[in-house]
Amino acid sequence: MPITTSPSVPHARLLSIGGARGSRVVTNDEMCQMIESSDEWITQRTGIKERRWATEDEDATTLGVAAARKAIARSGLAPEEIDAVLVSTISHFQQTPSQASIIAEQLGLPSPAAFDISAACAGFCYGVGLAEGMVRAGQARHVLVIGVEVLSRYTDMSDRSTAFLFSDGAGATIVGPSETPGIGPVVWGSDPSQSQVITIDDWREDRGGEPPYIHMEGRQVFKWATTFIATQAREALDRAGVAPEELDVFIPHQANNRITDSMLRHLKLPSDVVVSRDIVGMGNSSAASVPLAMEALLESGEASSGQTALIIGFGAGLVFAGQTVILP
Ligand code: ACO
C-alpha cells in the first residue's frame, strides 16, 4: 500500500537574523586580574580585546529568547508560523526539558517540533544544515535555529588556557522556503579520534560544589583548525558552485583571529571579501559566534542582504559544519 510523503519544495534560505550578547563587558585588563596573562598576549594570540558575559539575570533562555524575538520580527512571520525550533548549545544545565522547549514556551509558540543539538562551536551551522533539509523535504515550513551559549558559567576563571576565550550570547535565524537557492550543500563531519580534546566535566563527579568546567587542548585544536578545516571551507564553496572571487563575505567561527588568517591564506580569497572579526569585541561564543558575527556585519553595513557568504563552525567533538549562504 503506497503511503503519502511530504511535498518537497525546491529551495530554502535564511529569512532573517537576530542576536543578543551578554550585557557585561569584560576587558582583557579585567581578565588579567583573574589569570596570569596580559592584554598584549591575549591580543596577539587571539585578537580578543574584550568579551561579553551574561549578567546574573541573563542566561541561555533569556539570551536565546531575545535573539529569537528579533529574528521572528525581522522575518515578518507570525509566531504560530514557526513549525520547528532547533537550539544548538553545550551550556544548557538540564538534560530535559530541552533548551528548545523552554525557549519555545517563552516565545509563546503553540506546538513546534523542538529539540537541542550538541555540536559545540559548529552547532549553528549544523542547525542550518538540518533546517535546510527539513524545509526542502517538506517536514517543516519555517524553522527557527538558535545558537546560544553561557560558557562563562562553565569556565574555570583560574584556568589561563580557557578563561580569556569564551563568552555568552545567542544568535537566531529562520530558515524557510525560497524560489531561488539560498543555502548551499552542508559540508560536515567529525574526527571522533579527537573526542577528548575539548570536554566539559562529567556532572556526576563531586567537585565540592563547583560547576562542571570546560577543558581544551588549545594547540591540538589550533592545528586541526588551520589544516583540515580550511580544506572543508573550500569544499563548502565548491559544492555550492561558488568560486573564491565570487564570494562577498566570509564568516568563520570566531575562535581565534590567527585561525581566520590561516584559513584566508588557504582559501586565497580576494582582498575585497569582507571577513568577520567579531571576536575582537566578543571572544568565542561557540554556537552563537557565526550568527552574531553575521548580524554585526549586516547591522554595520559592511555586508548586505542578498550577498553570498561562506559560514563555517568547528569545535568540541571534534566536529565541523559549513555552507555557502545568501545573506538574509
Ligand atoms: N597568558 C599568557 N601566557 C599564556 C596563556 C595566557 N592566558 N596561556 C598560555 N600561555 C603560555 C603557555 O604557557 C606557553 O608558554 P611556553 O611556551 O613557555 O610553554 C605559551 O603561552 C604558548 O601556549 P599555547 O597553549 O601554545 O598558546 P597558543 O598560541 O596555542 O594559544 C589558544 C592558545 C589561544 C587557546 C590557541 O591554542 C587556540 O586558539 N586554540 C584553538 C581554540 C579553538 O578554536 N577552539 C574551538 C572551539 S571551542 C569549543 O568547541 C567550545
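Modeller: What follows goes from the ligand to its shell, and then to the pockets. Please keep in mind that this is a predicted model.

Biologist: Which residues come nearest to the ligand?

Modeller: The shell around the ligand holds 28 residues, and those that come nearest are S37, R45, R219, N256 and A316.

Biologist: Which side chains place polar atoms by the ligand's nitrogen or oxygen atoms?

Modeller: Here one looks for pairs of N or O atoms within 3.5 Å. S37 has a polar side-chain atom 2.6 Å from a nitrogen atom of the ligand, while in W41 a side-chain N or O atom is 3.4 Å from a ligand nitrogen atom. On the oxygen side, a polar side-chain atom of R258 lies 2.9 Å from an oxygen atom of the ligand. As for cover, the ligand taken alone exposes 1,000 Å², and the protein buries 77% of that.

Biologist: Which elements supply the shell around the ligand, and what classes of residue does the shell have?

Modeller: At least two shell residues come from each of α2 (39-46), β10 (214-216), α6 (218-239), α7 (257-267) and β13 (308-315), and α6 gives the largest share, with four residues. Sorted by class, the shell has 16 nonpolar, seven polar and five charged residues.

Biologist: How should I read a pocket, and which pocket does the ligand take?

Modeller: Rolling a probe the size of a water molecule over the atoms shows where empty space is left. In this model, the space taken by the ligand is the largest pocket, and that pocket has a volume of about 720 Å³. Its lining consists of 32 residues, with S161, L165, M216, G218 and R219 lying nearest the centre. The elements giving two or more residues to this lining are α2, β10, α6, α7 and β13, and the largest share, four residues, comes from α6. By class, the lining of the largest pocket has 17 nonpolar, nine polar and six charged residues.

Biologist: What is the volume of the second largest pocket, and which residues line it?

Modeller: The second largest pocket contains about 590 Å³ of space. Of the 23 residues lining this pocket, T89, I90, H92, S118 and W203 are the closest to its centre. Two or more lining residues come from each of β5 (113-117) and β9 (198-200), with β9 giving the largest share, three residues. Sorted by class, the lining of the second largest pocket has eleven nonpolar, nine polar and three charged residues.

Conventions:
Residues are numbered from 1 along each chain as its sequence is written. This is a predicted model: local features need pLDDT of at least 70, side-chain atom pairs count only at pLDDT 80 or more; totals for chains, interfaces and linings use all residues. Side-chain values use heavy atoms; hydrogens and water are left out. A residue is near a molecule or strand if one of its heavy atoms lies within 4 Å of it. A polar contact is a pair of N or O atoms within 3.5 Å; within protein, one must be able to donate a hydrogen and the other to accept it, and residues adjacent in sequence count only if both atoms are side-chain atoms. Accessible areas come from the Shrake-Rupley method with a 1.4 Å probe; for residues, only the protein chains shown count as cover. On a 1 Å grid over the protein atoms alone, a cavity is a set of points where a 1.4 Å probe fits but cannot get out, and a pocket is an open set with protein on both sides within 12 Å along at least five of seven lines; lining residues have an atom within 4 Å of a point. A molecule sits in a cavity or pocket if more than half of its atoms lie within 2 Å of its grid points. Ala, Val, Leu, Ile, Met, Phe, Trp, Tyr, Cys and Pro count as nonpolar, Asp, Glu, Lys and Arg as charged, and the others, Gly among them, as polar. Grid points are joined across faces, edges and corners, and a volume is the space filled by probe spheres set on the points.
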